[in-house]
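Hello,

I am passing on the structure below for your files. My notes come after it.

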Amino acid sequence: MQENQPVQRLDIQADSRVFVDMANGDANPCLSCGACCQHFRVSMYMGEMASSPGGTVPDEMVSRVNPYIVCMKGTEAGHGRCIALRGEVGQPGIHCAIYAHRPSPCREYRVWSEEGSPNPDCQRLRAKIGLPPLPAMPD
Ligand code: SF4
Ligand code: SF4
């Protein structure tokens, strides 16, 4: 990670949604966690599929939920590992194989609030896999 680069960068979209990008470095706790990627059903509007105009998520990585909604394969019922997750959960090197193309729920999920406090869901999910709680967001 470059010096002075924030570990969590917020990016406001034209429709006012706030997307999050995590820096690729030691300060990024997700790169040794991955707990959320094996917990939630990760669903999205089918327009986010790469075959749709402006879509990014590889079609072969999603399952159909209904005529309008798809979800990441593996997460259909919740508590399942997303097909795009690579590595061992809770170990260094875990990462998303489609980070630049991941769906909006993953982009909207924040590790830290704007005030810098850790996401309580992260704390809960990390504890479940034996990881320590997150500290406040580094400066
Ligand atoms: S649970 Fe939180 S810290 Fe862990 S990978 Fe997900 S967003 Fe990152
Ligand atoms: S697409 Fe990537 S970030 Fe989203 S749940 Fe799957 S592995 Fe995690």
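The notes below cover the ligands, the cysteines and the cores.

This is a predicted model, in which local features need pLDDT of at least 70 and side-chain atom pairs count only at pLDDT 80 or more, while totals for chains, interfaces and linings use all residues. Residues are numbered from 1 along each chain as its sequence is written, chains are lettered from A and ligands numbered from 1 in the order in which they are written, and side-chain values use heavy atoms, without hydrogens and water.

Ligand 1 is surrounded by Cys30, Cys33, Gly34, Cys36, Tyr109, Val111, Cys122 and Arg126 (a heavy atom within 4 Å). By class, this shell has six nonpolar, one polar and one charged residues (nonpolar: Ala, Val, Leu, Ile, Met, Phe, Trp, Tyr, Cys and Pro; charged: Asp, Glu, Lys and Arg; polar: the others, Gly among them).

Around ligand 2 are Cys37, Val42, Met72, Cys82, Ala84, Leu85, Cys96, Pro103 and Cys106. That shell has nine nonpolar, no polar and no charged residues.

The disulfide count is zero (a disulfide being a pair of cysteine sulfur atoms within 2.5 Å). Cys30 counts as partly exposed because its relative accessibility is 33%, and Cys96 does so at 25% (buried is under 20% relative accessible area, exposed over 50%, partly exposed in between; 1.4 Å probe, protein chains only).

The largest nonpolar core has eleven residues, including Val42, Met72, Cys82 and Ala84 (buried Ala, Val, Leu, Ile, Met, Phe, Trp, Tyr and Cys joined through side-chain atoms within 4.5 Å). A second, separate core of seven residues includes Val20, Trp112, Cys122 and Leu134.

Regards
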